[in-house]
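Please look through the model below with the sequence alongside.

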Amino acid sequence: MVQSLLKLLPEEEQLKVLSEMKDEYDDLAESEQFGVVISSVKRLKPRLSAILFRLQFEEQINNVKPDIVAVTAACEELVKSSNFSQLLQIILLVGNYMNAGSRNAKAFGFSISYLCKLRDTKSADQKQTLLHFLADMCQEQHPNIMHFPEELIHLEKASRVSAETLQKNLDQMGKQIKNLEKDIETFPPPQNEKDKFVEKMTISFT
């Protein structure tokens, strides 16, 4: 209802015209009477926008929460996974071995984007990738490492989360909260004792 009202709300000039018709209230059609009543409400559009945001806030939280939980859990699993950590150590050792004599020799770490290049690096005869070599080596010499996916149960779900979309949604919610806080601070005094806007909108978004 609030959404529809915002969409169909008369322009400021029309509301001003309607407010001047309050003396003719009894002679007006029901829709015009409604217009006269709402035209008397100060800062009507900001009120409705704030009310709509308040009504939809929990829904917005529920929309982003599963993605945040999945990504957070996946990050924690990556940090705690001893097998994945050991795999990264082996990749670093192999990389240093391959880069022996070059300016990249004896590196203390590598960019995480390098992992995507493991399947693109091939042997001299082009028959095997570095990824296959690592998999074979781990299976033969470090079989426990092969179980690292079992320690990363949230990774698949987290990989489907768009960081850009998630950040955009959080930024928008943050902006809406700031706008509401600013509105509450600068809102005019209540028109009458039934005007509970500031009281109802002053809530914690923590």
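A polar contact is a pair of N or O atoms within 3.5 Å; within protein, one atom must be able to donate a hydrogen and the other to accept it, and residues adjacent in sequence count only if both atoms are side-chain atoms. The model is predicted, so local features need pLDDT of at least 70 and side-chain atom pairs count only at pLDDT 80 or more, while totals for chains, interfaces and linings use all residues. Residues are numbered from 1 along each chain as its sequence is written, and side-chain values use heavy atoms, with hydrogens and water left out.

Thr129 sits in the loop between α5 (82-98) and α6 (130-141); helices (H or I, at least four residues) and strands (E, at least two) are DSSP runs, numbered from the N terminus. With a relative accessible area of 13%, Thr129 is buried, where buried means under 20% relative accessible area, exposed over 50% and partly exposed in between, for a 1.4 Å probe and protein chains only. Apart from its neighbours within four places in sequence, Thr129 is in contact with Leu118, Arg119, Thr121 and Lys122; contact means heavy atoms within 4.5 Å. Gln126 belongs to the loop between α5 and α6. Its relative accessibility of 52% places Gln126 in the exposed class, and its phi is near 65°, a positive value in a residue other than glycine.

Asn83 lies in helix α5. Is Asn83 buried or exposed? Asn83 has a relative accessible area of 12% and is buried. Its side chain makes a polar contact of 3.1 Å with that of Glu151. When neighbours within four places in sequence are set aside, the contacts of Asn83 are Asn144, Ile145, His147, Phe148 and Glu151.

The helix pairs come next. Two packed helices are described by the angle between their axes and the distance between the axes. Axes are lines fitted to C-alpha atoms, for helices over the stretch in contact, and angles run from 0 to 180 degrees between N-to-C directions. Angles under 35 degrees count as roughly parallel, over 145 as roughly antiparallel, 65 to 115 as roughly perpendicular and the rest as oblique.

For α5 and α6 the packing angle is about 125°, with the axes 11 Å apart, and the two helices are therefore oblique to each other. α5 passes α6 in a right-handed crossing; a crossing is right-handed if the near helix is turned clockwise from the far one by less than a right angle, and left-handed if anticlockwise. On the α5 side the contact is made by Leu87, Ile90, Ile91, Val94 and Met98, and on the α6 side by Leu130, Leu134, Met137 and Cys138. This contact has 9 nonpolar residues, no polar and no charged. Here Ala, Val, Leu, Ile, Met, Phe, Trp, Tyr, Cys and Pro count as nonpolar, Asp, Glu, Lys and Arg as charged, and the others, Gly among them, as polar.

Helix α4 (residues 44-80) packs against helix α8 (residues 163-186) at an angle of about 150°, with 10 Å between the axes. The pair is therefore roughly antiparallel, and α4 passes α8 in a left-handed crossing. Residues in the contact include Phe53, Phe57 and Ile61 of α4 and Leu166, Leu170 and Met173 of α8. By class, the contact of α4 with α8 comprises 12 nonpolar, 3 polar and 2 charged residues. Asp171 is also in helix α8 and, at 46% relative accessibility, is partly exposed.

Arg43 has a phi near 50°, a positive value in a residue other than glycine, and counts as partly exposed at 31% relative accessibility. Within α3, the buried residues are Gln33, Gly35, Val36, Ile38 and Ser39, and they pack against α2 and α4.

Helix α2 (residues 12-19) and helix α3 (residues 30-39) have an angle of about 100° and an axis separation of 8 Å. They are therefore roughly perpendicular. Leu15, Leu18 and Ser19 of α2 meet Glu32, Gly35, Val36, Ile38 and Ser39 of α3, giving a contact of 4 nonpolar, 3 polar and 1 charged residues.
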